Amino acid sequence: MSALEKVNEEGVSISTEATPFFAVSDIHAYYGESYIVQGVSFDIQHSEILALLGRNGAGKTSTLRTLARLDNPSLQKGEIWLDGMPVHRMRAFEASRAGIQLVPEDRRIIQGLTVEENLTLAQVAPGGGWDLDRIYGHFPRLAERRRQEGTTLSGGEQQMLAIARALARDIKLLLLDEPYEGLAPVIVQEIEGILQEIKQLGITTVIVEQNAVAALKLADRAVILDTGEVAYSGSAQEVLDNAELRHEYLAI
Amino acid sequence: MDFLRLPKKDLITFAVFSVVVLTMPIWLQPFGAAYPGLMQKFVIFAILAVGFNILFGLTGYLSFGHAAFLGVGSYTAVWSFKLLTMDAIPALIFAVVMGGVFALAIGYVSLRRSGIYFSILTLAFAQMSYNLAYSVLTPITNGETALQLARTDPRIIDGLFGEAGAGLPSPSLLGANLNGFEAFYLCAVVLLVSFFIAQKIFVSPFGMMLRAIKSNQTRMSYTGFNTRPYALAAFVISGMYAGLAGGLLAITDPLAGAERMQWTASGEIVLMTILGGVGTMIGPVIGAWLIKYLENIFSAFNEGTLHRVFSFLPDGVEEWVVLIASKFVGEGWHLTLGLVFMLVVIFLPGGIMEGVRRLRAAFPSGSSARRNRRNELNPSAAE
Amino acid sequence: MDAILAQLLNGLDKGGAYALIALGLTLVFGTLGVVNFAHGALFMLGAFCAVAFRAFITMETVTIDETQLSPWGSPLEVRTPMAEQWFGEWGAVMVDYSVPISILVAIPVMLLIGIAMERGLIKHFYKRTHAEQILVTFGLAIVLQELVKTFFGPNPWPQPVPADFRGAADVGAWIGLQAGAVTYPLWRLVYLLFSVVVIGAVFAFLRFTTFGMVVRAGMADRETVGLLGINIDRRFTIMFGIAAVVAGLAGVMYTPLLPPNYHLGMDFLVLSFVVVVVGGMGSLPGAVAAGFLLGILQSFASMTQVKALIPGIDQIIIYLVAVIILLVMPRGLLGRRGVMEG
Amino acid sequence: MSFKKRGISRRSVMKTGLAGILATGVSPMMFSRGAWGQEFCNAPTGDTVTLGFNVPLTGAYADEGADELRAFELAVEHLNGEGDGGMIPTFSSDTLTGNGILGKRVEFVTGDTQTQSDAARDSARRMVERDGAVMISGGSSSGVAIAVQGLCQEMGVIFMAALTHSNDTTGKDKRRYGFRHFFNAYQTGVGLGPQLGAAYGPDRRAYHLTADYTWGWTTEESVMAATEAQGWETVETVRTPVGAGDFSQYITPVLNSGADVLILNHYGFDGINSLTQAVQFGLKDRQANGKDFKIVLPLVSDLMAAGAGDAMQEVYGTSNWYWSLQDEGSKAFTASFGAKYGQPPSQAAHTSYVQTLLYADAVERAGTFYPPEVIRALEDYEFDGLGNGPTLYRGSDHQCFKDVYVVQGKAEPSNQFDLLEVVNTASRDSVTYDPAIFGGELGPYDPGMC
């Protein structure tokens, strides 16, 4: 409850540590005329995992897209700093080269390209990460299907491919949008395993997930959005423990 | 009368527009355009553009074959002259009906698709009409020579009232001959009526429904609402406007050529509408006038004219200015047209009316500021 | 039978031209999402690369010979081609082969024109409506053709077929029919071969190079490609240049078949749009298939036997087929869902 | 282009502004037609007279149109007493003295017909209604000529058709206010038939490709009749759209049709394109029915010959006139035109020039611009010295009767302009026909009032 009050009083969450690894300060973004992200701020330390939660339409995906610097929604105001780099001045491809990697909500496996081409594509631009051998070592299912067209894979496999494609780039900050969405429970477990592995690697991550409990289990800290604004910022465990908070903002 | 009721702002627009149209022979003088042939074109193509705007401006369906209905109207009117009577009224009625019938047939099929697929379907139908009119339909259309009157035409109704004269008869209105200025004023009156009807359509519930089609077709079809009958109605109405314009063309000059159905003619209608300002009442009319003016007057400029225009310049300079300017007039008028299009589209995406609006915003006089405010309150009100 | 074969060749030959033009148009639409009404103008500019090149190498020095008189009694002008002064015998060969040689000129010129067009104008229109794109590129097409008219005049510029390729080839004899049964102009066969090679090259480029893969990915999902750190805009600019080159080369090689004038582009514009839409907006294989299909159908519809059956069919076949295909297959032969339907 | 310099409407508004308009007397016609005021349409009131030259500057016949304009400008120059006078000294009538027409200086306005009836009528109406033209000339497409001729009849303005070769122009679509100096398709057939029979033998099978409009149809009809009279058989007649550009789909079927002669009823750029494309198909080197395959182009001009290049060699056709003719009129005109433009005049230029002179002469002889009198002066008028030998302007259909020249593409041109050779001349008597065969009626003399 104290954390909640803090946000309410000052409008921003306060980080006690010096120069955070990734800092979002007061960003405002629009889809055309509609004002979606209305002054969101938070920090993440290196290797930390942050769960970005909220109800449908709270602006989670829009926030992630803004951080990845996609054209829509357009960032009108605010700053985004990654390890001393002004991300808010970049376009999507520059942000990617700077190390921000978004795994989009619907995976966005590219039509007409094989599994392997989807992976190679990630290594065309400067700033490549894992090579194909290492990826296939971690994802044997993708190795089996390397010649198959990416969009013909099952949902779980597509999610794997999307994550693998992100790993094919040199990641400083991973943005995961609904990694479990629409997957069968067995597959969810499998993806959970992969995300745990990523956590072991110490990659700084922001995860957006409808399944708040699953996300909170993975995360160190949590930020809850409500109608485009930060409603809560604190530790993940606290959200798990605080039923009232969960009820009010997450409807669980 | 209830039928004549319109929002006050629209009535003012209508009144001003009426004055502008009816005084054309005066204010067009300094522009060298005050001769009947061109003024008739001004008002006829204004009707065409106003009608096209009912389809494109309201529903967003971009027809690339509207010239076909213009051509159908012309052929119908000339046939009415040939078979029945030289009176303008039956000719116009038949032209409107035939324009509507063709629009119904083509629209019924084309409206099964949307977006550019709709555009290409209308284009394909218009090109088929054009090519057929040019070749195998020659018995009906007289092909490349264009359909003309002959002294030996039956003219059944006229024949009842008296013998044909020695020469070719000319179109008439209830016995009065329609030449030059009479024909212009007939067209002008028809334009004003058409304009008024279009204004009514714009503010009617039907017009609102058409606007809704434009703003969100998919949402409307999700709600189970069938938009096609409305779009088809708009298509037929604009086809009738085109047929009417075609009929008037035949009245001012009793000849119907296949070229007026060609895709370039359809493209010209689109350009007129967009150039002036899609969805506004006045915009398409201005677009039509601008293009017809460029086509008829600009294209007839020549170096001699330019030398007189620039005669105030020193000799050497004059030569150069005339040399450069001559590339933009006469045969080069298309260059001017292309540049005007590009400039308008680049800098004034809403067409010329957008420019007018910006000018008003930049110099808000009392009345226009009030008007702007009213526009904001009622954004759907037609300009 | 022989007649059918000859007509088929003619259809393939026409189809090759349609497919080439539609291919470039589809490349632009598929990558940039821009409806480019100036594409026909690029075809025309390509043709005028050949015209300009030939005009350059056939420049003549004119001297007035006062001692001789022209047929109407003025002093006679004596003309000597400069190419022969400069290059000797090679000059004559160059003049003879001016059309194929001007391909070398057309490639860099068209690439530059394409890139300049995209950077200077088209890029500002990505987010505007298709109607505005059509209007501005249509305006550009008019401006380009009028500029060509200013420099080259309104009349067509005949370009010769190189001497070695004049006349007709006995295609029938090649495939074992009676000699003279099926003959076809040699240059038209060259054009067909050329279009097949260029189409093949474009497909191979897209299929087998990394650049091509990136472009294909960008056509399918521009946003995601950007998320992977690729500056897709720059590659699309280059693709626009390549599309301009394809259109330009189609124009260069077409000049001996039809003397180009400033209006050439407009004549092909509507046709190429019909081809692209029939193929399915944004589908490259669709554009090529539709190009050949419509070429062959148009050729067969022009046969007297067919015309006797359905009068006037040769005039409308292309549009009729377009209507039927669009009604039966809502997105054309190979079009994707949701493209350009809004 | 220099011809534009004087091509100004005396009522050009940009020059004078509103005041000028009022002064020149245009404004009274604003509200009442009666105030058009004179006894007939556009009666010249000042010290100038305006002629309107309406020619195709774009489209399939643009080459011819440009050459017509050159000739019109030259004619105006000569009428106004500038230049060397061209054919005026050789003309059998001596009314033209270089002081304009009836003492009024000749001015002219020009327009582009775009080879389209609609555009041509628009352009002609502008000349009549705004620029006050008292005579319209031009053409280069029979369809356009007929459309404009109809308009001129209604408006009461004389139309001196230039290049139009369809039988209909002075046949079923003839008009009292329209006159044609050029020959027609029927005369082409009469002239060309015997020549083809003599050169290629009686046992031939012909395939026609025909431009799909009035000129093409009548040419096809006339040439078919003339060749069948020589014992030829017609295998097929195929209509092609005007301005098709690529004719290959129509030429391909010729190869296996069993024909041994291809007759191209095409003109202008269409003729150039179909001829060169037919030659690319190897038709000239082909054997059919044991004979050498031949191509015929019924109506030929030297502009087409220049455009078609080698393809034109040894191809037969007919011409209204050719610049290498050796009579005094032709020599004078060619010299005058060549000196001004650096190239010889085409047949289109010749007929345009002659028509302008004939109109001016008729006005002089009538002593008035009043159209009915001018028409009567032209009807059944016999003249000479304008390049075609003794010529009659027949009153019953307003068609000129004179010798018809059969020409052939030269195998070895001695210079870039020497492309055709006159191989035969069909006498005026042989090409004269009964006007009744084409029907039509001329209509009244009464002047329309614009």
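**Where chains C and D meet**

K14(C) forms a salt bridge with D246(D), and the closest N and O atoms are 3.0 Å apart; the term stands for a side-chain nitrogen of Lys or Arg within 4 Å of a carboxyl oxygen of Asp or Glu. Across the interface of chain C and chain D, the rule finds 2 salt bridges.

A word on the ground rules: this is a predicted model, where local features need pLDDT of at least 70 and side-chain atom pairs count only at pLDDT 80 or more, while totals for chains, interfaces and linings use all residues. Residues are numbered from 1 along each chain as its sequence is written, chains are lettered from A in the order in which they are written, and side-chain values use heavy atoms, leaving out hydrogens and water.

Now let's look at the wider interface. The contact (heavy atoms within 4.5 Å) takes 36 residues from chain C and 37 residues from chain D. Together the two chains bury about 2700 Å², 52% of it on carbon and sulfur atoms; this is the accessible area (1.4 Å probe) that two parts lose on being put together, summed over both. On the chain C side, W72(C), R188(C) and T304(C) lose the most area to chain D, together 23% of what that side buries.

Elsewhere, chain D holds an open sheet of 3 strands in the order 13-14-15, with antiparallel pairing. Strands here are DSSP runs of E, at least two residues long, numbered from the N terminus, and two of them pair if DSSP finds at least two bridges between them. Strand 13 and strand 14 of chain D are joined by 3 bridges, and E382(D) stands opposite L392(D) in strand 14.

How values were computed
Helix = DSSP H or I, 4+ residues; strand = E, 2+ residues; numbered from the N terminus.
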